[in-house]
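Please keep the sequence and the structure in view while reading.

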Amino acid sequence: MKRKTTTTIRAMKGGEKVVCLTAYTTPMARMLDAHCDLLLVGDSLGMVLYGMETTVSVTMDMMIAHGKAVMRGAEAACVIVDMPFGSYQESKEQAFRNAVRIMQETGCDGVKLEGGAEMAETIAFLTSRGVPVFGHVGLMPQMVNTAGGFRALGHTDAEAEKISRDAQAVAEAGAFAIVIEGTVEPVARAITASIPAPTVGIGASAACDGQVLVCDDMLGLFDAFKPRFVKRYADLAPQVRQAAEEYAREVRAGQFPTQEHTFAPRKS
Ligand code: KIV
Ligand code: NA
């Protein structure tokens, strides 16, 4: 099957909802692929897979390794890889160089980068030179150290206007779609109505053109805490703990393995 492209996603504006989940590994990508329009290799992998407190320490090498893994499992969905903190903010040339490295080494369809009006020039530079860009405005986790923490934005008029201006600038720069993270419904609705690119919300209401969740959150695999915007479609962490407990008990009691799991010597 031929995978969806960023052009396919772009054309979904105002039509069918864009379905997106994060994926970081080949087996998970294989399971999610048929159900998603977009698989995002998010830098959330720093927190979800590596136990980091923020995404700030995620590197190009980590994103490329997991991008390759997801590409091995994706047959139908469009695959986008996050550009990690520090790999694109310095200049449009740095951004282009690193975006090309990600695309060439993973074979993915495009990159995502965080930023609003301040990144518009960079996004235009990339998109006009063959690098599809997925924008990301609103709550921008890579900015945690200057933003003073993670919190939903858009409650004040000033915040709402900034997010709207950011989305407008990113759309005009040529982003094929834009993630809106952590904002109130009226802001997401107004942005969605005013830009030609699909908006993909996370904690940004049903007013967006599509939705994205972190797969480990929606599977209940990451259960340290649950933000309001997460819905758990499965509750896997307790099942993993229970399986480990049962295995440990059976090994200690000599109940595993049984004959069923044991190689019998060949009859000669
Ligand atoms: O890194 C990530 O998983 C993301 C999505 C949640 C949008 O950026
Ligand atoms: Na991200």
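A residue is called buried if 20 or more other C-beta atoms lie within 10 Å of its own, exposed if 12 or fewer do, and partly exposed in between, with C-beta atoms placed from the backbone. The model is a predicted one, in which local features need pLDDT of at least 70 and side-chain atom pairs count only at pLDDT 80 or more, while totals for chains, interfaces and linings use all residues. Residues are numbered from 1 along each chain as its sequence is written, and chains are lettered from A and ligands numbered from 1 in the order in which they are written.

**Overall form**

- The protein chain contains 11 helices and eight strands; helices (H or I, at least four residues) and strands (E, at least two) are DSSP runs, numbered from the N terminus.
- The C-alpha trace spans about 75 × 40 × 35 Å along its principal axes.
- Of the 268 residues in the protein chain, 44% are buried.
- Two residues are in contact if their C-beta atoms, placed from the backbone, lie within 7 Å.
- Of the contacts between residues at least 6 apart in sequence, 62% join residues at least 24 apart.

- UniProt positions are given in the numbering used here, feature names are shortened, and annotations may be inferred rather than shown by experiment.
- In an unreviewed entry, UniProt lists Asp 43, Asp 82 and Glu 114 under "binding site". These residues span 72 residues in sequence, yet no two of their C-alpha atoms are more than 10.8 Å apart, so they gather at one spot.
- The UniProt annotation "binding site" (unreviewed entry) also covers Asp 43, Ser 44, Asp 82 and Lys 112. Here the span is 70 residues in sequence, but no two of the C-alpha atoms are more than 12.3 Å apart, so this set gathers at one spot.
- Asp 43 sits in the loop between strand 2 (38-41) and helix 3 (45-48), and it counts as buried because it has 29 C-beta neighbours inside 10 Å. Apart from neighbours within four places in sequence, Asp 43 contacts Thr 55, Val 58, Met 63, Asp 82 and Pro 84.
- Ser 44 belongs to the loop between strand 2 and helix 3. Its 22 C-beta neighbours inside 10 Å make Ser 44 buried, and beyond four places in sequence Ser 44 touches Thr 22, Thr 55 and Val 214.
- Asp 82 is part of strand 3 (residues 78-82) and is buried, with 29 C-beta neighbours inside 10 Å. Not counting residues up to four places away in sequence, Asp 82 touches Val 41, Gly 42, Asp 43, Met 63 and Lys 112.
- Lys 112 lies in strand 4 (residues 110-112) and counts as buried because it has 23 C-beta neighbours inside 10 Å.

**The annotated active site**

- UniProt, in an unreviewed entry, places the feature "active site" at Glu 181.
- Glu 181 is located in strand 6 (residues 177-181) and, with 23 C-beta neighbours inside 10 Å, is buried.
- Leaving aside neighbours within four places in sequence, the contacts of Glu 181 are His 136, Gly 138, Leu 139, Ile 202, Gly 203 and Ala 204.

**Helix 9 and its surroundings**

- In helix 9 (residues 185-194), the buried residues are Val 187, Ala 188, Ile 191 and Thr 192. Seen down the axis of helix 9, they fall within an arc of 130 degrees, so they line one face of the helix; the arc is that of the directions from the helix axis to the C-beta atoms.
- Pro 186, Ala 193 and Ser 194 are exposed on the other side of helix 9.
- The buried residues of helix 9 pack against helix 8 (157-172), strand 6 and strand 7 (199-202).
- Where helix 8 meets helix 9, Ala 160, Ile 163, Ser 164, Ala 167 and Gln 168 face Val 187, Ala 190, Ile 191 and Ser 194.

**A point on the exposed side**

- Ala 34 lies in the loop between helix 2 (26-32) and strand 2, and it counts as exposed because it has 11 C-beta neighbours inside 10 Å.
- Ala 34 and Ala 77 are 43 residues apart along the chain, while their C-alpha atoms are separated by 7.0 Å.
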